[in-house]
Amino acid sequence: GKGDEEFIPERVGVKNLINQLNWSQFVQEIQGARLLITVDSVSVHLAAASLTPAIVLSTGLSSLSMWRPPYPGCHYVMNPVPCAPCLSALLLEPFLS
């Protein structure tokens, strides 16, 4: 959010590129990164495709077996929840009858 950039320590080589890149630049930055720290999003899949190591912050609500890229350099940090994945048959059952 607004003001988050103040918490990014420039001295450790972290780049704050919030709202500064077009798609092509975004892809190039991920391809050239030594490590990507991100939420579970398209950036993880770009990192996997370019063999960029990634630490992924996940909510625990989605199925890792379904959405996790098949790249061992992507490491997920998550808090599993009992209802995960959210689209489980139990939750969909009322809508299927």
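## About the model

The structure is a predicted model, in which local features need pLDDT of at least 70 and side-chain atom pairs count only at pLDDT 80 or more, while totals for chains, interfaces and linings use all residues. Residues are numbered from 1 along each chain as its sequence is written, and side-chain values use heavy atoms, with hydrogens and water left out.

## The overall fold

Let us start with the whole chain. The protein chain holds 4 helices and 3 strands, and along the sequence they follow the pattern α-β-α-β-α-β-α. Helices (H or I, at least four residues) and strands (E, at least two) are DSSP runs, numbered from the N terminus.

Of the 97 residues in the protein chain, 23% are buried. Here buried means under 20% relative accessible area, exposed means over 50%, and partly exposed lies in between (1.4 Å probe, protein chains only). Contact means heavy atoms within 4.5 Å. Among contacts in the protein chain with a separation of 6 or more, 11% are between residues 24 or more positions apart.

## Helix α2 and its cover

Helix α2 spans residues 42-49. Its buried residues are Ser43, Val44, Leu46, Ala47 and Ala48. The elements covering them include α1, β1, β2 (54-58) and β3 (74-78). Just after α2, leucine 51 takes a positive phi of about 60°.

## Serine 43 and threonine 38

Serine 43 sits in α2, while threonine 38 belongs to strand β1. A polar contact of 2.8 Å joins their side chains. Such a contact is a pair of N or O atoms within 3.5 Å; within protein, one must be able to donate a hydrogen and the other to accept it, and residues adjacent in sequence count only if both atoms are side-chain atoms.

Serine 43 counts as buried because its relative accessibility is 5%, and threonine 38 counts as buried because its value is 12%. Neighbours within four places in sequence aside, serine 43 touches Phe26, Ile30, Leu36 and Thr38.

Rings of Phe, Tyr and Trp (its six-membered ring) pair if their centres lie within 6.5 Å; planes under 30 degrees apart count as stacked, over 60 as edge-to-face and the rest as tilted. By this rule there is 1 aromatic pair. Tryptophan 23 and phenylalanine 26 form this tilted pair, at 5.6 Å centre to centre and 40° between the planes.

The two residues are about one helical turn apart, because they lie 3 residues from each other in helix α1. Tryptophan 23 is exposed, with a relative accessible area of 54%, whereas phenylalanine 26 is partly exposed at 26%.

## The largest pocket

On a 1 Å grid over the protein atoms alone, a pocket is an open set of points where a 1.4 Å probe fits, with protein on both sides within 12 Å along at least five of seven lines; lining residues have an atom within 4 Å of a point. The largest pocket has a volume of about 950 Å³, that is, the space filled by probe spheres set on the points.

Its lining has 24 residues, with Val14, Lys15, Leu35, Leu36 and Ile37 nearest the centre. Both α1 (23-32) and β1 (36-39) supply at least two lining residues, and α1 gives the most, with 5 residues. The lining divides into 14 nonpolar, 7 polar and 3 charged residues. In this grouping, Ala, Val, Leu, Ile, Met, Phe, Trp, Tyr, Cys and Pro are nonpolar, Asp, Glu, Lys and Arg are charged, and the others, Gly among them, are polar.
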